[in-house]
Amino acid sequence: VKRLPVGLYAALLLAAVLWTFPGAGAVVLESLQRWQWLPLRLLVVAGESTSPPSAGDGREAELAAARARLFAGAAPPSGLLAGLEPIVCFVTERRRAVMAELPSVVVLDRRASELSGCEPFVTHGDALVGFLDPAAPAGARQTVRLLHDRVSGVRPGRVVAAIEAGVQDDSGHEALRFLVEPASFADAWPLRCDLVEDPYRMAREARARALVRTAAGSVPGFAATAVPAGLVVGTLRLWGYPGEGGRPLAVGYYVEPAVDARALASVAVWRRSALPAAAAPARDLPRVGARAAALPGAPGRWYLCTAGPARAGAAVVAGERFLGLVERAGATDALAVAFGVERRLWSLILVPHDAGAAPIEIAARSGMRSGSRVELALVGAPRPLPRGALFTGAHGASCPAGLWIGDVEGTAAPADRFEVHAPELPRRVEVLVAGEGEAE
Amino acid sequence: MSAYPHGSINLLAWPLWFFMALPLLLLDGVGRAALGPFHVDLTLALCHWLVRDARTRALPVLLLCASLARATVLGGEVAYHALTLGLPVAGFLPLRGALLRAPFAAQALLAGALAVALPRLGAFLQRFGESGAGPGDLRVAAVLWAAVTVPLAARLMRRLPPLSLLEERRAP
């Protein structure tokens, strides 16, 4: 027993506990890690450069114009809801991932008190995405519960919706109504249809990928949140068995939301025109200067010597350009990872070079970085992408939407992969720092 | 008398290893970037040295410093890297007595086993968290290369401080 490596076994047991509960002991381990960076700090300070951070590669005017169109995707078509006025809000954070990394709650850049008196529903373009959380404290950032959010003990958001069925009567296509509510965690799609008004007609006439829109009226005995009719909820999906003639025998009806929550970067909140306008929040975060050095032998990983405290998850930028994210941060130094190095999910906004085209909010997973070339894989259905400027979507308080990443060449046909050219690391960079009030 | 009598450790060895672990693993990364799978894998050499030559009582601290450095170089949790490096070491440690007297072929066998075990274990643990060191290279040629070069690199490492200061003392 004396010769057993008891210390090693105890250390491995402790590592297993810390692996299971990542928060425990993190402070001690990260402090030790920062002490280990001391030789790197000496190297960075010795190789100090006085060159200023690069700006937008001489494209400031072009980028400013693209940034002005950045959140046009959330703006609804004019006259969508008569008597109501939209307030475009930016998503700062996503929470409560329930199925396949699909977040079900998003945090807006405005406080609940600023949005008091607004209608409960929230839209993106002409699509209904969720409801304002009435329980959000007045001083805190307003949260939005997306349509598929389901929490034990809290009544889920239900809306009356309908598809246009194939049978025609005197008034043309007749709508088939049902309730749309959050599906369970085990279901294939985030929303499911319940209490179908006419199950026989639904079974006979419902087609996969039919557009589902909100409908007027109510379902007796079931409380549904009142929303204006005509908003897009998503597309109908059928679950069942292969049937005759290629038509499936559906035993469950689901809805695939019109807007992918992983890509959502902006939404519109609605208010009565009589309410006073809310002041637009400041979106230019303070910056902390940093000297940067790429770690030799660790491609895409940088050591930053910062002029002030940074936060994990903060954006590393050079002038207008987004470079990467801080992974670990201390009072005067940080470890950062370049965009595209790690296989992670990104919320992105593609602003087409064509000034008439609307920006596209997409979710993509970075797959591989080779030099300055980053390959990204679209999450969700493949789609054609136009040439344009790629910006960050929402990635937390210290990495807001609207940071320029690079240019996308576009794809002619629906594709699930595309490339962006991201810059190499300059010697001097900046780290965005959310204020105390922002980092909630 | 025990074959491995414990004596006091030179106190300078601890801070030296604490600060040398990161440059060692960065050097490993430079080699990997330059030569691909046919570089001398210093991480495997370190594990080889830990199994065969390291002072048993020092193993927890040696592993901690290596895990801290590996988390800086590869990203991810320190605990993940501690398990990835530590479990194979703990698994092969009972063979130490035999390895000391064994010919080079047995050491090569240990290096080959480590070359397979480390990436496999890393990939397995990766399923339970976000951090990871990548799948590694499990081609036969790469494993054979590691089997030949890792024992030689480990032999060199045990002659250089700070690892030479943390080696198990053997009975004369």
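Me: Are A:Phe322 and A:Trp346 buried or exposed?
Reply: Both A:Phe322 and A:Trp346 are buried, where buried means under 20% relative accessible area, exposed means over 50%, and partly exposed lies in between (1.4 Å probe, protein chains only).

Me: And what kind of model is this?
Reply: It is a predicted model, in which local features need pLDDT of at least 70 and side-chain atom pairs count only at pLDDT 80 or more, while totals for chains, interfaces and linings use all residues. Residues are numbered from 1 along each chain as its sequence is written, chains are lettered from A and ligands numbered from 1 in the order in which they are written, and side-chain values use heavy atoms, with hydrogens and water left out.

Me: How many aromatic pairs are there over all chains?
Reply: A search of the whole structure finds 8, counting rings of Phe, Tyr and Trp (its six-membered ring) whose centres lie within 6.5 Å, with planes under 30 degrees apart called stacked, over 60 edge-to-face and the rest tilted. One of them is edge-to-face, between A:Phe322 and A:Trp346, at 5.9 Å centre to centre and 75 degrees between the planes. That pair links distant parts of the chain, 24 residues apart, with A:Phe322 in strand S16 and A:Trp346 in strand S18 of chain A.

Me: What about B:Phe38 and B:Trp145?
Reply: They too form an edge-to-face pair, 6.0 Å centre to centre with 80 degrees between the planes. B:Phe38 sits in the loop between H1 and helix H2 of chain B, and B:Trp145 in helix H7, 107 residues apart. B:Phe38 is partly exposed at a relative accessible area of 36%, and B:Trp145 is partly exposed at 34%.

Me: Switching topic, how many residues of chain B are in contact with chain A?
Reply: There are 37, in contact with 28 residues of chain A, contact being heavy atoms within 4.5 Å.

Me: What area is buried between them?
Reply: About 2600 Å² is buried between chain B and chain A, and carbon and sulfur atoms give 73% of it; this is the accessible area (1.4 Å probe) that two parts lose on being put together, summed over both.

Me: Which elements of chain B touch chain A?
Reply: Those giving two or more residues to that side are helices H1, H3 and H4 of chain B. H3(B) gives the largest share, 11 residues.

Me: And how many salt bridges?
Reply: The count between the two chains is 0, taking a salt bridge as a side-chain nitrogen of Lys or Arg within 4 Å of a carboxyl oxygen of Asp or Glu.

How values were computed
Helices (H or I, at least four residues) and strands (E, at least two) are DSSP runs, numbered from the N terminus.
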